[in-house]
Amino acid sequence: VALHAQGVSMAVAPLGTALTNEQTRLLARYCREAVLAFDGDSAGEEATMRAMPSLEGAGIEARVVRFAEGDDPDSFVRREGKQGFESFVESGKPIIAWAIDRALSPAEGVAVERKLHALEEAAAVLSGVKNVVTWEHYAQEVSRRLEIEPGLLREYLQRPSAHAERVRNAVSTAAVPIELA
């Protein structure tokens, strides 16, 4: 309501933070792209993650904008106005890029166990990506950021339990600093 009151007419809101399959199917009748702008708290972040499969299933390409902690679309548009909100929306990241970054950022430059946990989170995100080109792009990003050979990463993503030990060894090896003579 606040967005419409400020002149942002192309906005809809799920009730609470649950974007349902039925809502995304209905949304797909009217658009092929959407921007998720949930509240800037952990509930908004989790709602974004839960919305991914539904959006993918409906064929909607989604971007994500994340507000500061304690901020939401209502408070943001009241403070920044329509143009500020629209500029902010333009800076949105593709949802898959956002989810991969969310999984990997805390793991860069840290312990092997955290990197393995990040890999599991990234694998869960990639498992929902149906477009082969998109999947390949983000798999390369995961490979680069976690320093895992792309072929091994592909094998792990296809059958995690069968390749978990090889990936653990690869991540451990990548975490060991190179000694300079």
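Predicted model: local features only at pLDDT ≥ 70, side-chain atom pairs only at ≥ 80, totals over all residues.
## Overall layout

Of the 181 residues, 37% count as buried. The accessible surface of the chain is about 10,700 Å², and carbon and sulfur atoms own 54% of that. Take the contacts with a separation of 6 or more: 65% of them link residues 24 or more positions apart.

The largest nonpolar core has 41 residues, and Ile100, Leu126 and Val142 have the most contacts inside it. At least two core residues come from each of strand E1 (33-36), helix H3 (42-58), strand E2 (61-64), helix H5 (95-104), helix H6 (112-127), helix H7 (132-146) and H8. H6 gives the largest share, eight residues.

What does Val142 touch, leaving out residues up to four places away in sequence? Its partners are Ile100, Leu104, Leu119, Ala122, Leu126, Glu147 and Leu153. Another core, of 10 residues, lies apart from the largest one, and includes Val65, Val77, Phe85 and Phe88.

## Helix H8

H8 spans residues 150-158, and its buried residues are Leu152, Leu153, Tyr156 and Leu157. They sit on the same side of H8, because the arc they cover around the axis is only 135°. In general, an α-helix has 3.6 residues a turn, so residues three or four places apart point the same way.

At the start of H8, a side-chain oxygen of Glu149 comes within 2.9 Å of the backbone nitrogen of Gly151.

Methods: Residues numbered from 1 in each chain as written. Heavy atoms only, no water. Buried < 20%, exposed > 50% of the residue type's maximum accessible area, 1.4 Å probe, protein only. Helix = DSSP H or I, 4+ residues; strand = E, 2+ residues; numbered from the N terminus. Arc of directions from axis to C-beta. Polar contact = N/O pair within 3.5 Å; in protein donor to acceptor, adjacent residues only side chain to side chain. Contact = heavy atoms within 4.5 Å. Areas by Shrake-Rupley, 256 points an atom, 1.4 Å probe, with all protein chains shown as cover. Core = buried A, V, L, I, M, F, W, Y, C linked by side-chain atoms within 4.5 Å.
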